[in-house]
Amino acid sequence: HAFLGPPLATGSVVYAVSEHDRELCLTAFDAATGRVLWQQPIADAERSLIEDRGRGSRACTPVAIGDLI
């Protein structure tokens, strides 16, 4: 897994966008333990990060607006 930008901490949950095998996911972690609470696929990349190095230099940071991530 590769994290694609800085995480978002909101109280007891930390959210991060990650990629594994060209699948991009939003993942929620328990802030105290680091345990994965849930993971939601959000997109499939055409090429892997190894094949598309430029994509790895752009950050994907989750944003919270009210109760929405």
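User: How do β3 and β4 pair, parallel or antiparallel?

Analyst: In this predicted model, β3 and β4 are antiparallel partners, joined over eight bridges. For example, Ser-18 has Cys-25 in β4 as its bridge partner.

User: What sits between β3 and β4?

Analyst: The two strands form a hairpin with two residues between them. Asp-21 lies in that turn and has a positive phi of about 50°.

User: And β4 and β5, how many bridges there?

Analyst: Seven bridges join β4 to β5, which covers residues 36-44, and these strands also run antiparallel. Leu-26 has Gln-40 in β5 as its bridge partner.

User: Which residue has a positive phi in the hairpin of β4 and β5?

Analyst: Gly-34 does, with a phi near 80°. That hairpin has five residues between the strands.

User: Why is β4 largely enclosed?

Analyst: Six of its eight residues are buried, so the rest of the structure largely encloses β4.

User: New topic. Which residues make up the largest nonpolar core?

Analyst: There are nine: Leu-4, Leu-8, Val-13, Tyr-15, Val-17, Leu-24, Leu-26, Ala-28 and Ala-45.

User: What does Ala-45 touch?

Analyst: Leaving out residues up to four places away in sequence, Ala-45 touches Glu-19, Arg-22, Leu-24 and Arg-55.

Notes. Residues are numbered from 1 along each chain as its sequence is written. This is a predicted model: local features need pLDDT of at least 70, side-chain atom pairs count only at pLDDT 80 or more; totals for chains, interfaces and linings use all residues. Side-chain values use heavy atoms; hydrogens and water are left out. A nonpolar core is a set of buried Ala, Val, Leu, Ile, Met, Phe, Trp, Tyr and Cys residues joined through side-chain atoms within 4.5 Å. Buried means under 20% relative accessible area, exposed over 50%, partly exposed in between (1.4 Å probe, protein chains only). Contact means heavy atoms within 4.5 Å. Helices (H or I, at least four residues) and strands (E, at least two) are DSSP runs, numbered from the N terminus. Two strands pair if DSSP finds at least two bridges between them.
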